[in-house]
Amino acid sequence: VMASMAHLQKEKLRLQEELLELQEKFAARENDKLSLSLQLQDQVETLKEKLLEQAQEISRLRSELGGTDAEKHRDLLAAENERLRQEMKACEGELRELRRQQQAPCRDCPHLQENAGLQEQLSQLQREAEETRAKLVELDLEVQQKTNRLAEVELRLKDSLAERAEEEERLSRRLRDSQETIASLKSQPQQIKYIIKTVEVESTKAKQALCETQSRNQYLQEQVGMQKQVLKEMEQQLQSSQKTEAQLRAQIMMYEAELERAHGQMLEEMQAMEEEKNRAIEEAFSRAQVEMKAVHENLAGVRTNLLTLQPALRTLTHDYNSLKRQVRDFPLLLQETLRSARAEISQAIEEVHSTNRELLRKYRRELQLRKKCHNELVRLKGNIRVFGRVRPITKEDGEGPEAANAVTFDADDDAVLYLLHKGKQVSFELDKVFPPQASQEEVFQEVQALVTSCIDGYNVCIFAYGQTGAGKTYTMEGTAANPGINQRALQLLFSEVRGKAADWDYTITVSAAEIYNEALRDLLGKEPQEKLEIKLCPDGSGQLYVPGLTEFRVQSVEDINKVFEFGHVKRVTECTNLNEHSSRSHALLIVTVRGLDRSTGLRTTGKLNLVDLAGSERVGRSGAEGSRLREAQHINKSLSALGDVIYALRSRQGHVPFRNSKLTYLLQDSLSGDSKTLMMVQVSPAEKNTSETLCSLKFAERVRSVELGPVSRKAELGSWPSQEHLEGDSPGSAAPPGRGHASPSPGQLSSRSASIRRKLHTSG
């Protein structure tokens, strides 16, 4: 309770201080208003006084001039002046009307600015005059105060002189009384001595009277001593009074001298002011005479000019009427001029727009040509092509500043994007950038050329890279209603195969695997938990294959859907803080296309690797614990190994560490120069993910600079095995040359293929 009371007391004091501050501000505003009103009143009073002084000066001049002929001329001039004033008022009214009609052009008139400057100078001169008057008033007050002080000093001096005279009179009376008493006392002792001498022989009564007389004599002597002492004191007082009188006389003389000096100064100032006044009057009179003479001359000139001004006045009236008509017709002329100006401006703008459109069209055409040449150069060099795709902001990103969009795009270049990271904008240039509104169809149109080259016998690898929740699985797999690159690639392959069915025989097989916790698992096998190994082909070709990895032949889109469903069910996904269905493994879809030209016997083998990498993530943000933490550690380790491989390829090192991870070892064929490789980097535009987005884009730029060299085509002449051999139904079949992986044994392959086929037919 005490703490709350103290808090309330502090709050009360704070409110009181605020109230006092507001009161002070209010008082200051009231004082400002009052001072402003007083200044305005002073200015008004000053102007009134000036008007009165001018009126008095005019009346004085009239009284001095008298009723001469000048008054008659003055009356005539006044009448003429009144008539001219009326004409001037009429002209001013017409001028105000013209200004009202042409208000906009006259706002910046130089005369108004000059008038404003003159008004400021006039106000400054008025302020200086007010200051001079104030100083003069102060001097008058000072002289008046000195005069009053001098009068007071004279009064005090007179009073002190009167008191001094009274004191001297009183002392003189007391001195006379004392002298008389002393004289009377001096005359008494002789009689007393005589009486004493005569009484010595008398009786006791005489003795008694003698004693009394002696005692009285002693008393009188004491009185005489006292009177002498009083006399001495009076003499001392008289001396001090004389000294005081001398001092007072000196002060009086000093005050009289000062008074005479002040009186002389005052007389001099009054005389100077009187002379200045007389001089001003003489100057005003002479000036008035000169002006009157000039007025007479002007009047004569005006009278002569009036006769000559009538035709000029008629001309001016005619010009004024024509000007008035022009002013009346001015809005129409202005509208016509504005209309023509607008037409010219719109025509010029249209010409500029057409020129800009033509330049923009040429620029875009040159940009496309440059992009085409760049892509051809990339193809010849064997660079890894890098596409970027930005997913849209979703409700999982939340709200507020953390969910703000930090990624922007270049309107003229679809290969550039900008990332706002820690207040700085960083630009990245890739081979192609897809904005959030890009559809799956638009993305696939850019990669379908790579997919179709698989039919011609080239190895192709497309892998998606990015953080968790950036949309990698959506880009690669998609949904049932809107499939991704995997399903669209196989559909395109079937379409191309059907188009070449007249001359070629093609067989398409599909394998699906995942790398989970650095273990390779078959997603289409009976035992998905079985760990597989990556080995070199024993034929000495240097190619890699996976013994025991199930291959399944697909012949239609329905087979593709069933394979995808079967593999998707077995893939490991879990829920994390970053993604509800987070991929916890690297998924690989291996499509092998074998072709035979029936006319020439040419055989081609192409392999399409579609890789959906697990997302890179920070363990603290994903909230991974236990087995999820171990999965995240393996994912980050394999992605770090991929980064080491990219760095070694980019710096052209002699040794490339492909075997540091199962992921890089399996992608060795795609990253070692014998494959057309495309990386699809997926980024999140949310502000909270800018650190991961920055790392992904920097890694994409490093990958883009890797040159793998020209790609070779896998084609050879020879006999083509039977269909049963391709399906693996006949015992003793061997893997065809150039194949990336082979079955461990014929019986095992036959049994797994038959089992998968039965499951697919059952689900169908």
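Between which two strands is the loop that holds Asp-397 found? Asp-397 is found in the loop that runs between strand S1 (385–390) and strand S2 (407–409). The description below concerns a predicted model.

## Overall architecture

The protein contains 15 helices and 18 strands. Of its 764 residues, 31% are buried. Among contacts with a separation of 6 or more, 72% are between residues 24 or more positions apart. The accessible surface of the protein amounts to about 48,700 Å², and carbon and sulfur atoms contribute 54% of this surface.

## Asp-397 and its partner Arg-391

Asp-397 has a relative accessible area of 6% and is therefore classed as buried, the cut-off being under 20%. Arg-391 is likewise buried. The side chains of these two residues, Arg-391 and Asp-397, form a salt bridge with an N to O distance of 3.0 Å.

When residues up to four places away in sequence are set aside, Asp-397 touches Arg-391, Pro-392 and Ala-403, together with Ala-686, Lys-688 and Asn-689.

## The annotated binding site

An unreviewed UniProt entry places the feature "binding site" at Gly-466, Gln-467, Thr-468, Gly-469, Ala-470, Gly-471, Lys-472 and Thr-473. With a relative accessibility of 6%, Thr-468 counts as buried.

Is Lys-472 buried or exposed? Lys-472 is buried, because its relative accessible area of 6% falls under the 20% cut-off. A polar atom of the Lys-472 side chain lies 3.4 Å from the backbone oxygen of Gly-466. Apart from neighbours within four places in sequence, the contacts of Lys-472 comprise Ala-464, Tyr-465, Gly-466 and Gln-467, then Asp-612, Leu-613, Ala-614 and Gly-615, and also Gln-682.

## Thr-664 in helix H11

Thr-664 is located in helix H11, which covers residues 662–666. Its relative accessible area is 0%, so Thr-664 is buried. The side chain of Thr-664 reaches the backbone oxygen of Ser-661 at a distance of 3.0 Å.

Which residues does Thr-664 touch, not counting residues up to four places away in sequence? The residues in question are Ala-641, Leu-642, Val-645, Pro-657, Phe-658 and Arg-659.

## Salt bridges elsewhere in the chain

A search of the whole structure identifies 14 salt bridges. One of them joins the side chains of Asp-505 and Arg-598, with an N to O distance of 2.3 Å. This pair links distant parts of the chain: Asp-505 is in strand S7 (residues 504–516), whereas Arg-598 is in the loop between strand S15 (586–597) and strand S16 (602–612), and the two are 93 residues apart. Asp-505 counts as partly exposed at 33% relative accessibility, and Arg-598 is partly exposed with a relative accessible area of 42%. In a separate group, salt bridges that share partners join Glu-11, Arg-14 and Glu-18 into one network.

Within that network, Arg-14 forms a salt bridge with Glu-18, and the closest N and O atoms are 2.6 Å apart. Arg-14 and Glu-18 are separated by about one helical turn, because they stand 4 residues apart in helix H1. Arg-14 has a relative accessible area of 35% and is partly exposed. Glu-18 is also partly exposed, with a relative accessible area of 35%.

Val-1, Met-5 and Leu-8 make a nonpolar surface patch of about 360 Å². Val-1 is found in the segment before helix H1 (2–65). At 83% relative accessibility, which is over the 50% cut-off, Val-1 counts as exposed.

Note on methods: Residues are numbered from 1 along each chain as its sequence is written. This is a predicted model: local features need pLDDT of at least 70, side-chain atom pairs count only at pLDDT 80 or more; totals for chains, interfaces and linings use all residues. Side-chain values use heavy atoms; hydrogens and water are left out. Buried means under 20% relative accessible area, exposed over 50%, partly exposed in between (1.4 Å probe, protein chains only). Contact means heavy atoms within 4.5 Å. UniProt positions are given in the numbering used here, feature names are shortened, and annotations may be inferred rather than shown by experiment. A polar contact is a pair of N or O atoms within 3.5 Å; within protein, one must be able to donate a hydrogen and the other to accept it, and residues adjacent in sequence count only if both atoms are side-chain atoms. Accessible areas come from the Shrake-Rupley method with a 1.4 Å probe; for residues, only the protein chains shown count as cover. Patches are made of residues with over 30% relative accessible area and no salt bridge: like charges are joined within 9 Å, nonpolar side chains (Val, Leu, Ile, Met, Phe, Trp, Tyr) within 5 Å. A salt bridge is a side-chain nitrogen of Lys or Arg within 4 Å of a carboxyl oxygen of Asp or Glu.
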